[in-house]
Protein chains: 2
Amino acid sequence: MDKSIKEIINSYQDQKEIELKGWITSNRGNNKIRFISLNDGSTILNIQIVFNQEKFDLEEIEKWKIGSALNIRGIFKLTPNAKQSCEIEAIEANNISPTDDSFPIQKQEINLETLREIPHIRHRTNIFRAIMLIRSTLAKEIHNFFDSEGFMYLHTPIITSNDGEGAGEGFIVDDENKELFFSKKATLAVTGQLHGESYATGFTKIYTFGPTFRAEKSNTKRHAAEFWMIEPEVAFYELNDIIHLSDRMLKYVIKKTLEKHPEEFKFLDERQEGRLIKNLETFLNKKLQILEYSQAIEMLKKVKEKFVEKNIEYGLDLATEHEKYLADEVFQGPVAIINYPKEFKAFYMYLNNDGKSVAAFDLLVPGVGELIGGSQREVDIEKLKSRMSYYNISIEEMQWYLDLRRFGDAGSSGFGLGFERLVMYVTGIDNIRDSIPYPRTFGNLKM
Amino acid sequence: MDKSIKEIINSYQDQKEIELKGWITSNRGNNKIRFISLNDGSTILNIQIVFNQEKFDLEEIEKWKIGSALNIRGIFKLTPNAKQSCEIEAIEANNISPTDDSFPIQKQEINLETLREIPHIRHRTNIFRAIMLIRSTLAKEIHNFFDSEGFMYLHTPIITSNDGEGAGEGFIVDDENKELFFSKKATLAVTGQLHGESYATGFTKIYTFGPTFRAEKSNTKRHAAEFWMIEPEVAFYELNDIIHLSDRMLKYVIKKTLEKHPEEFKFLDERQEGRLIKNLETFLNKKLQILEYSQAIEMLKKVKEKFVEKNIEYGLDLATEHEKYLADEVFQGPVAIINYPKEFKAFYMYLNNDGKSVAAFDLLVPGVGELIGGSQREVDIEKLKSRMSYYNISIEEMQWYLDLRRFGDAGSSGFGLGFERLVMYVTGIDNIRDSIPYPRTFGNLKM
């Protein structure tokens, strides 16, 4: 295989003959010389191919359109005095898949909303090249992080008979004839946590990284019907341990991804007036703060005039405006809010000694608000049953989950990180539809 | 966090005081001394904890049952003359989650079929500990392999409006009220390939690793309704390139996984009379053979009496018995069969110049038969349309896919590897239900 353009730019020798392939991103010049920028997706950088009239019919080359696939043989040249560090003087060139002007990506910038109509093409713009390369690296670094900490990678089931938190947002799955293919009602997983707990009891440290689903009929910038989730679960961990795991993970993957994508971050940073890299570096250098929910309420009360929801009392389910205020203005860095009132948290969370709060945490980060939610899990079967009744969750269906507590489950803790939220945070884009290759939302299923 | 038992066994210093946690796998001894084997899932090896009557009430310790979670403080001791290389002399011990005799995993071996009834518990046997640890490492090494070759990791959509190969085996997805949540019919992906092709056109080298689904009403040892698939797609690759990628990938992941799990492979190998490791090593050392489908037919014809299906002519869709004969007996190693008749291959495969075969390959391995299937993709829009008509695939629904060919798609190649098939091959287990934590098959949805 030929070298990628990223490898060529980073490591090639001056005057060496090479072959490469890629797609045209621009074609300019005159009747003596033409310059074609070529990109192969290995980096957002293009490499410049120079065509001289001595070797090429430039009238023909001029007709080569943006998006066409080229096969090039040429001489690599370092150009220390030019804007680009190198270029390739073409010896031989073939347009092996010519396009015409109907190719949607042309010179002028297209707004993100228009690009959402063409998810099969939009990755051939600079912005989506940058986002999707960073997304890929974030995913790989998440695997690397958990591997470095000795975690087992677990595939929890996608089709399940439990709907996790009892929120009733599960999609129904059946075959074409709607004949109960699985002999019972089947839904798409909203979480892998419950199955994850079963494997943590035995393997100690496990994590999942798979798709999850919510049939939520809301169309916000932050919600999708299909999204990927990372869910570690660690036996013997308590709330404080899992909070620090989440902080360690985020710092690891963000640091590695920044190192691997200087060009992509530079591009995104320029579009965001230099805020992006600064924010991420601030995050890396800030020590995680931990704050009791009850303390958070006291802090918010004092400035309640700032918010749309001004009725701030113990028991309030914090809204994004409150979370953003805490992360952006008060702490200016990551903050974990802990020990929430049990009423708006899931049944499986550990009931604290006060009888009214659970050992849960939400990790808030500047600019985004909640990025991660997690908890220590309840081990007392009677408390679990009582909480399940409160949420109308069938005890019979969940008997297997309750049984884990009889079979050596000494308590575990875990969290969920919505992967698209992480991509949004790290790339600075503000719509979840631009963080995933083919977004699925209410009423919207393209390709 | 405490060290894992794997770390303790591999690297601990004699006479050092340590703390550890894990679950009881056996408890034996007398009224002077007791030995508890402890496992934490980091390895299939147990570590032996020694309890002396001077420090412990051994009548109490005797009551601690298999499956209970312990918290131990003790002195690590190397025992070069004993069966096990080391043990821990307990100083302090707590049974933090006692079990009773209802814990399903006891000393006697349970058959695999019975264990399938308790997927939330079965990983606490040696055999499932070994299988699932190997599965986890195989998954990680697949990511490592593609990363080392410069591939982008792509998440293709799970909910889609295409059913891929037109086989009509898609599960239908909708919300609780069956109101067409996505405003059109939605199915679970049977492949990520078509979306993968869109990203290969632009990023050059991509791979997917995600769940795929088939609503097939068959209950064989080799089929599941939900399984994970790895699908690389490489722009500019032709058939031969992609075959060699598949061979390189398999050898890489198998080699790394063998290196990382000596104990788990030793255990599985002993259950299989020493065939497993030998087979895998033979595979690693054998050069991949490539054989024309038409030649395969000639070879099979000569020994047709061996088979149930004896009518062996050009046009036959090879059955498992034929594939196994070629891999197990003729080549005794991996063999790629290429250029199949177009009639039983998918519409997107590249039509060869003979007009009757397509540039497809199946990679067969001894003991399993087909492990991988792939092809070079057709780039000619008219040929694609004609093949789509043949299979009754809607051209309108697939216009976006056809458009890729107008937008710089210079041809790509890819393959699909069913991850559970790989787990079966590498662990030597013969039922797909034992290769995935929570198997989903026709009529069967446990937990």
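Predicted model: local features only at pLDDT ≥ 70, side-chain atom pairs only at ≥ 80, totals over all residues.

Colleague: What makes K251(A) count as lying over the face of F283(A)?

Modeller: The distance from the ring centre is 5.9 Å, and the rule asks for NZ of Lys within 6 Å of the ring centre and within 35 degrees of the ring normal. In chain B, the charged end of K356(B) sits over the ring of Y314(B), 4.4 Å from its centre.

Colleague: Why is the pair of Y199(B) and F203(B) called stacked?

Modeller: Their ring centres are 5.5 Å apart and their planes meet at 20°. Centres within 6.5 Å make a pair, and planes under 30 degrees apart count as stacked, so the term applies. Both residues lie in helix α5 of chain B, 4 residues apart, about one turn of the helix.

Colleague: Are Y199(B) and F203(B) buried or exposed?

Modeller: Y199(B) has 0% relative accessibility and F203(B) has a relative accessible area of 4%. Buried means under 20%, so both terms follow.

Colleague: Why is K140(A) said to form a salt bridge with D147(B)?

Modeller: The closest N and O atoms are 3.4 Å apart; the limit is 4 Å, so the pair qualifies. Across the interface of chain B and chain A, the rule finds 8 salt bridges. Helix α4 (residues 126-148) of chain B gives the most to the side of chain B that touches chain A, with 11 residues.

Key: Residues numbered from 1 in each chain as written. Chains lettered and ligands numbered in written order. Heavy atoms only, no water. Phe/Tyr/Trp six-rings, centres within 6.5 Å; stacked < 30°, edge-to-face > 60°. Helix = DSSP H or I, 4+ residues; strand = E, 2+ residues; numbered from the N terminus. Buried < 20%, exposed > 50% of the residue type's maximum accessible area, 1.4 Å probe, protein only. Salt bridge = Lys/Arg side-chain N within 4 Å of Asp/Glu carboxyl O.
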